[in-house]
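The sequence and the structure come first, and my entries come after.

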Amino acid sequence: MVYATGGGLIACSAQDGTQGFARSGPYTSSLAAVEAPSYLTRTLATTSTGGLYGLNAGGGIAIPGTDRGIGTQRWSGPPRNEYRPTIEHTPTTNPVAVDGTIYTPVVGTNDLVAVNAANGSVHWRTTVVDDEVISASFGRPAVDDDAVYIANWPNRVSAYDRTDGTLLWQREREEQMQLSTSVTDAGVVVTTRSGVALLDTDDGEPIWERDLDGNATSGAPAVTTERVLVGDGLEEFHALDLETGEVEWSIPFEGETKPVVADGIVYAVERNASLVALDVDSGEERFRYEPPEVPLSPPIVGDERLFLVNRSRILALEGSR
């Protein structure tokens, strides 16, 4: 099944697009799928300005004549009447699920939380930013065996113990952050407004920093075992060596993007309008897809297909090498 959110939850067959179910609801972030031992189907975690929600991947039992279902929403989590003003137009952040636990900023607060995917109970919750008036702007967290890493605007990166939420380190950096973190064996990849840096997972100290002369505020990098692939927010897309930060190749590319990598190809949406497939090693363009309508969402990859949301449609494209 393929799932999409935006004013609700919809599920359709990955094979032929046949609709499985559609449910209304205040669900706006991307979904994190996680096994929930108490249930026969997975839990789908999503956030909105109302908080964190755990949804039934099976859809629950449809109520005839409505777009609702019994058992569609398994639980809801914080914030529960804690919402603070924010400068964000769309303040929701995509959650991350690992080993039955969901990690996410608590929308409308300054907190990071770890909750049980089966019932929404809080394992731990910690305050990242001490501000009683306005909520912080967070990036999507990154998780490894030991820690949860998160960036928040304008320039802070923090690491917390994955088990109990204890603060491991916190760094105030000179460059404004793009609110993005990816953790690798080499270190934590963070993006700034103008470039990229690799930080040591033990203490947050920079291993290397690369200025790309960019102006990126909302994109994110894709990271492989060898490279960091990222748009500069202006006019180029770059591949950097993960170990050294040296630029391996750059190509013309307009605007922000959130690329994904699969089987030696990086897929990136340019100007929210065109899906571009590039060879990871050389940057050579393999193909370009331009839908009749915009915007076009970042892709996900599975079953040798690319799945994207295009306005009110879900698209499946055959992968090509």
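The entries below go from the cavity to the rings and then to the salt bridges.

**Entry 1, ground rules.** I am working with a predicted model, in which local features need pLDDT of at least 70 and side-chain atom pairs count only at pLDDT 80 or more, while totals for chains, interfaces and linings use all residues. Residues are numbered from 1 along each chain as its sequence is written, and side-chain values use heavy atoms, with hydrogens and water left out.

I looked for cavities, taken as sets of points on a 1 Å grid over the protein atoms alone where a 1.4 Å probe fits but cannot get out. Grid points are joined across faces, edges and corners, and a volume is the space filled by probe spheres set on the points. The count came to 1 cavity of 30 Å³ or more, and the largest cavity holds about 40 Å³.

I then listed its lining, meaning residues with an atom within 4 Å of a point, and found among them Gln178, Arg193, Leu212, Val230 and Asp232. Strand E20 (195–199) and strand E23 (227–231) each supply at least two residues of this lining; strands here are DSSP runs (E, at least two residues), numbered from the N terminus. By class the lining has 4 nonpolar, 6 polar and 2 charged residues, where Ala, Val, Leu, Ile, Met, Phe, Trp, Tyr, Cys and Pro count as nonpolar, Asp, Glu, Lys and Arg as charged, and the others, Gly among them, as polar.

I counted 7 aromatic pairs, a pair being rings of Phe, Tyr and Trp (its six-membered ring) with centres within 6.5 Å, and planes under 30 degrees apart counting as stacked, over 60 as edge-to-face and the rest as tilted. Tyrosine 103 and tryptophan 124 make a tilted pair, at 6.3 Å centre to centre and 45° between the planes. This pair links distant parts of the chain, with tyrosine 103 in strand E11 (residues 101–105) and tryptophan 124 in strand E13 (residues 122–127), 21 residues apart. Both tyrosine 103 and tryptophan 124 are buried (under 20% relative accessible area; exposed is over 50%, partly exposed in between, with a 1.4 Å probe and protein chains only). I also noted one aromatic cluster formed by Phe237, Trp249 and Phe253.

Arginine 227 lies in strand E23 and glutamate 248 in strand E25 (residues 247–252), so the pair ties together parts that are 21 residues apart in sequence. Arginine 227 is buried at 10% relative accessibility, whereas glutamate 248 is partly exposed at 36%.

Arginine 288 and glutamate 270 form a further salt bridge, with their closest N and O atoms 3.0 Å apart. Since arginine 288 lies in strand E29 (residues 285–289) and glutamate 270 in strand E27 (residues 265–270), this pair ties together parts 18 residues apart in sequence. Here arginine 288 is partly exposed at 35%, and glutamate 270 is buried at 7%.

Aspartate 279 and arginine 286 also meet in a salt bridge, at 2.5 Å, N to O.

Key:
1 Å grid on protein atoms, 1.4 Å probe; cavity = no way out; pocket = protein on both sides within 12 Å on 5 of 7 lines; lining within 4 Å. Helix = DSSP H or I, 4+ residues; strand = E, 2+ residues; numbered from the N terminus. Salt bridge = Lys/Arg side-chain N within 4 Å of Asp/Glu carboxyl O.
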